Amino acid sequence: MDMTPERIMRRALTLARRGTGKTSPNPAVGCVIVRDGVVVGEGWHRKAGTPHAEVHALRQAGERARGADVYVTLEPCSHFGKTPPCADALVDAGVGRVFVGMVDPNPKVSGRGIGRLRSAGIEVVIGMLEAECRRLNEPFVKHVTTGLPYVILKAAMTMDGKTATAKGDSRWITNETSRQYVHRLRSTVDAILVGVGTVLADDPQLTARITRGRDPLRVVVDSSLRIPAGARMLCQESPAGTVIATVSEDRNRIAQLESAGAEVLRCRAELGRVDLRDLLARLGARGVQSILLEGGSELAGEALRAGLIDKCVLFYAPKFLGGADGLGLFGGPSAERMNGCRRLKDVNVRRFGGDVMIEAYPEEPCLPGS
């Protein structure tokens with residue numbers, strides 16, 4: 001292993017990614033301990049409520065941690081939660097230096113772990129591969145600084161930008177490899193968000209059934225409570241719950257859906273429909289850090305115009321639907337001129353067989369008031 005500091009921090013990032021989707025509401029963190037040019041301990045945060053990355057690495061290193069260099073992707077915690085402070089554990093182990101990828105973004109604790117280390121005489125180097133460390137924990141960073149969930153728009157389209165035929169048929173646009181990736185993606189987020197039109201058209205399960213992992217919370221935007229009580233997401237056996245966001249006051253329908261196993265969440269209305277910003281704030285308040293927005297077009301269009309999309313994951317299959325009557329990604333009004341387009345940045349392209357996946361971020365920050 002190349003033992004340059006940057007390469008070691010990249011190893012810590014690789015370890016941290018093993019915990020992605022398993023640590024919420026905590027961030028994913030990786031740690032590597034090096035002494036005399038040899039890795040003596042490694043660890044990552046595996047699950048919320050269990051020991052943090054530094055603790056696993058220190059246990060593996062044992063006495064070899066004394067005087068060693070520690071590389072950790074996020075500032076060591078300094079407070080007691082479900083586990084003791086990692087900063088104290090590093091001090092007790094007598095480590096020599098600590099390289100920190102990024103400062104904890106939580107304003108209540110930011111810098112305190114670093115301060116604890118420095119007060120004990122330990123040298124701390126901050127900011128190594130900071131951009132990569134922040135990207136690893138994008139949902140945690142947004143939630144802890146704004147209270148809102150991080151919203152990822154996911155969509156599958158033909159090369160001419162159609163998400164379904166004019167009759168609503170969308171099975172299957174992409175190939176099996178792409179669909180397996182989507183199920184892995186589902187297992188890493190806290191919730192999936194769809195509009196009731198998607199439920200009525202496809203009756204989806206919205207689970208991570210193709211891959212091992214947890215099922216996320218299912219959230220359906222259904223302003224007038226049109227979802228059938230026999231919808232598969234209400235009837236199937238899954239530890240994931242289903243929340244129906246509405247502005248309806250129909251007590252009979254609410255009681256029917258609640259008896260079917262759903263939670264009905266009444267939200268603030270905007271033009272007679274669920275106010276998406278209010279819904280996201282309510283979900284964020286209950287600890288939902290990340291949301292996969294899977295459609296339909298009206299919901300996606302509202303989220304885009306409201307500036308609520310933080311990241312896009314778009315799959316394109318090598319096929320044309322043809323014609324002008326298929327369904328597009330976004331519903332509702334569009335920009336009147338090209339200079340009114342929502343631009344994307346940091347574009348990354350991957351291939352899944354013949355399919356192409358594009359990851360990108362809106363240029364404008366999706367923060368409250370944006």
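I take a cavity to be a set of points, on a 1 Å grid over the protein atoms alone, where a 1.4 Å probe fits but cannot get out; lining residues have an atom within 4 Å of a point. The model is predicted: local features need pLDDT of at least 70, side-chain atom pairs count only at pLDDT 80 or more, and totals for chains, interfaces and linings use all residues. Residues are numbered from 1 along each chain as its sequence is written, and side-chain values use heavy atoms, without hydrogens or water.

**Cavities**

I looked for cavities of 30 Å³ or more and got two. A volume here is the space filled by probe spheres set on the points.

E75, P76, C77, S78, H79, D104, V109 and G113 line it. I sorted that lining into three nonpolar, three polar and two charged residues. Cys and Pro count as nonpolar here, and Gly as polar.

The largest cavity holds about 60 Å³. Its lining is V151, L193, L276, L280, L293, L299, A303 and L308. Helices α11 (276-285) and α12 (297-305) each give two or more of these residues; a helix is a DSSP run of H or I, at least four residues. I found eight nonpolar residues in this lining, no polar and no charged.

**T158**

Next I looked up T158, in strand β6 (residues 150-158); a strand is a run of E, at least two residues. Buried or exposed? T158 counts as buried because its relative accessibility is 5%, with the cut-off under 20% (1.4 Å probe, protein chains only).

I then listed its contacts (heavy atoms within 4.5 Å). Leaving out residues up to four places away in sequence, T158 touches I173, Y316, A317, K319 and L321.

Definitions and conventions:
Buried < 20%, exposed > 50% of the residue type's maximum accessible area, 1.4 Å probe, protein only. 1 Å grid on protein atoms, 1.4 Å probe; cavity = no way out; pocket = protein on both sides within 12 Å on 5 of 7 lines; lining within 4 Å.
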